[in-house]
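Subject: Structure handover and findings

Dear colleague,

Please find the structure below, followed by an account of what was found in it.

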Amino acid sequence: MLVYVTEVVIPTKVKIPSLRVIREAKLDDAEWIWVIQEQLMLIDEKKMDAICHGQLYQNRMAIAFNKRVKPLQFTPGQLVLKKIFPHQEEVKGKFVPNWQGPYVVHRALSGGSLILAEMDGKVNMKPINSDAVKKYYV
């Protein structure tokens with residue numbers, strides 16, 4: 001206002017006209033009410049378009065990701081190796097192995113979880129995700 005001696009009009013006020021912008025455009029009351037209603041209806045349509053576009057984008061991303069996913073099926077009695085995670089106490093340094101085992105799949109739970117048993121038959125009741133397990137071939 002100090003530089004141009006007029007009040008600044010924010011771009012959002014141009015898209016959704018305020019009373020000041022409409023006065024400058026010299027619209028009468030009936031036309032002004034019609035313009036406001038039209039703008040409000042367009043806002044709802046634009047919101048719905050944005051929501052639909054976001055859902056379509058998420059579906060396309062999920063389809064593209066799931067093309068590369070190869071689900072692993074484990075059956076009871078199968079031999080597997082279990083990944084050693086960095087927060088476990090077995091991690092001692094740079095040259096330690098990344099996998100421990102072999103273990104026997106005691107039971108396969110829904111959702112990809114497994115109950116593992118050691119080779120001597122001791123069952124560990126804590127389930128483990130099948131992403132942290134790989135098949136062991138003898």
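In this predicted model, Leu81 stands opposite Lys134 in E5. Strands here are DSSP runs of E with at least two residues, numbered from the N terminus, and two strands pair if DSSP finds at least two bridges between them. Residues are numbered from 1 along each chain as its sequence is written, and side-chain values use heavy atoms, with hydrogens and water left out. Local features need pLDDT of at least 70 and side-chain atom pairs count only at pLDDT 80 or more, while totals for chains, interfaces and linings use all residues.

The sheet

E1 (residues 79-83) and E5 run antiparallel and are joined by three bridges; Val80 has Lys135 of E5 as its bridge partner. E1 also pairs with E2 (residues 99-108), in the antiparallel sense and over four bridges. These strands belong to an open sheet of five strands, ordered E4-E3-E2-E1-E5 with antiparallel pairing. Its edge strands, E4 and E5 (133-135), each pair on one side only. On average, neighbouring strands of the sheet are turned by 50 degrees against each other, direction ignored; the axes are lines fitted to C-alpha atoms.

Lys83 and Trp99

Lys83 stands opposite Trp99 in E2. Lys83 also lies over the face of Trp99, at 5.4 Å from the ring centre (the criterion is NZ of Lys or CZ of Arg within 6 Å of the ring centre and within 35 degrees of the ring normal).

The largest pocket

The largest pocket has a volume of about 330 Å³, taken as the space filled by probe spheres set on the grid points, which are joined across faces, edges and corners. A pocket is an open set of points on a 1 Å grid over the protein atoms alone where a 1.4 Å probe fits, with protein on both sides within 12 Å along at least five of seven lines; lining residues have an atom within 4 Å of a point. Of the 15 lining residues, Lys82, Gln88, Asn124, Lys126 and Ile128 are the closest to the centre of the pocket. E3 (113-117) and E4 (123-129) each supply at least two residues of the lining, and E4 gives the most, with five.

Yours sincerely

How values were computed:
Axes are lines fitted to C-alpha atoms, for helices over the stretch in contact, and angles run from 0 to 180 degrees between N-to-C directions.
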